Amino acid sequence: MLIFGFQRRLFTLTTLTAFCGACKYTCPHGLRKFVTKFTLLFVPLFPINTERYLECERCGVRSHLPARDIPKLVEQGSAPLGSVPPSEMVRTQPRVAGIAWPDLP
Ligand SMILES: [Zn+2]
């Protein structure tokens with residue numbers, strides 16, 4: 001008998017200041033990576049889905065991101081506070097309101 005399943009992991013890559021399109025505030029956003037892996041006998045083998053999104057720390061709305069934008073945002077998140085001018089600040093346009101997945105433990 002084969003025992004297979006899925007493992008879900010949530011990673012916070014960095015936190016950066018961005019303008020939230022939902023709550024209309026400039027506030028911290030968590031840059032998150034959500035990975036689902038296929039497991040066999042409780043051993044995670046390979047990822048079957050990876051999602052990246054910005055999550056507003058104020059209202060919780062998630063904005064999905066293309067993978068090509070991640071390195072730039074991680075660099076922006078590690079920059080000193082206030083060093084990013086407002087014209088270059090990320091402005092989110094949320095497509096998914098509310099919680100798309102149940103909260104992880
Ligand atoms: Zn917000």
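Which strands does helix H1 lie across, and at about what angle does H1 run to E1? That was my opening question for this predicted model. I found helix H1, residues 70-78, lying across E1, E2, E5 and strand E3 (43-56). Its direction makes about 55 degrees with E1.

**Entry: the overall layout**

I counted up the elements next. The protein has 1 helix and 5 strands, and along the sequence they come as β-β-β-β-α-β. The strands make an open sheet, and reading across it I get E4-E3-E2-E1-E5, with mixed pairing. Why does one side of E4 and of E5 lack a neighbour in the sheet? Strand E4 (62-64) and strand E5 (90-91) are at the edges and each has a single partner strand, so one side of each stays without a neighbour.

I also looked at how far apart in sequence the contacting residues are. Among contacts with a separation of 6 or more, 61% join residues 24 or more positions apart.

**Entry: E1 and its two partners**

I went to E1 next, which covers residues 4-19. E1 pairs with E2 (residues 26-40) in the antiparallel sense, over 15 bridges. I checked two of the facing positions: Gly 5 sits opposite Thr 39 in E2, and Phe 19 sits opposite Thr 26 in E2. The two strands form a hairpin with 6 residues between them. In that turn I noted Lys 24, which has a positive phi of about 60 degrees.

With E5, strand E1 pairs in the parallel sense, over 2 bridges. There I found Ala 18 opposite Val 90 in E5.

**Entry: the nonpolar core**

Which residues make up the largest nonpolar core? I listed 9 of them: Leu 16, Ala 18, Cys 20, Leu 31, Tyr 53, Leu 54, Cys 56, Val 61 and Val 90. E1 and E3 are the elements giving two or more residues to this core, and E3 gives the most, with 3 residues. A reminder to myself: nonpolar side chains tend to be buried together in soluble globular proteins. Over the whole protein of 105 residues, 14% count as buried.

**Entry: Leu 54 and Glu 51**

I picked two residues of E3 to look at side by side: Leu 54 and Glu 51. Is Leu 54 buried or exposed? Leu 54 is buried, because 23 other C-beta atoms lie within 10 Å and the cut-off is 20 or more. Glu 51 has 17 C-beta neighbours inside 10 Å, so I put it down as partly exposed.

Then I looked up their contacts, leaving out residues up to four places away in sequence. Leu 54 touches Ala 18, His 29, Leu 31, Ser 63, Leu 65, Val 90 and Thr 92. Glu 51 touches Phe 34 and His 64.

Two distances went into the notebook as well. Leu 54 and Val 90 are 36 residues apart along the chain, with their C-alpha atoms separated by 9.9 Å. Glu 51 and Ala 67 are 16 residues apart in sequence, and C-alpha to C-alpha they are 8.7 Å apart.

Note on methods. Residues are numbered from 1 along each chain as its sequence is written. This is a predicted model: local features need pLDDT of at least 70, side-chain atom pairs count only at pLDDT 80 or more; totals for chains, interfaces and linings use all residues. Two strands pair if DSSP finds at least two bridges between them. Helices (H or I, at least four residues) and strands (E, at least two) are DSSP runs, numbered from the N terminus. Two residues are in contact if their C-beta atoms, placed from the backbone, lie within 7 Å. Axes are lines fitted to C-alpha atoms, for helices over the stretch in contact, and angles run from 0 to 180 degrees between N-to-C directions. A nonpolar core is a set of buried Ala, Val, Leu, Ile, Met, Phe, Trp, Tyr and Cys residues joined through C-beta atoms within 7 Å. A residue is buried if 20 or more other C-beta atoms lie within 10 Å of its own, exposed if 12 or fewer, and partly exposed in between; C-beta atoms are placed from the backbone.
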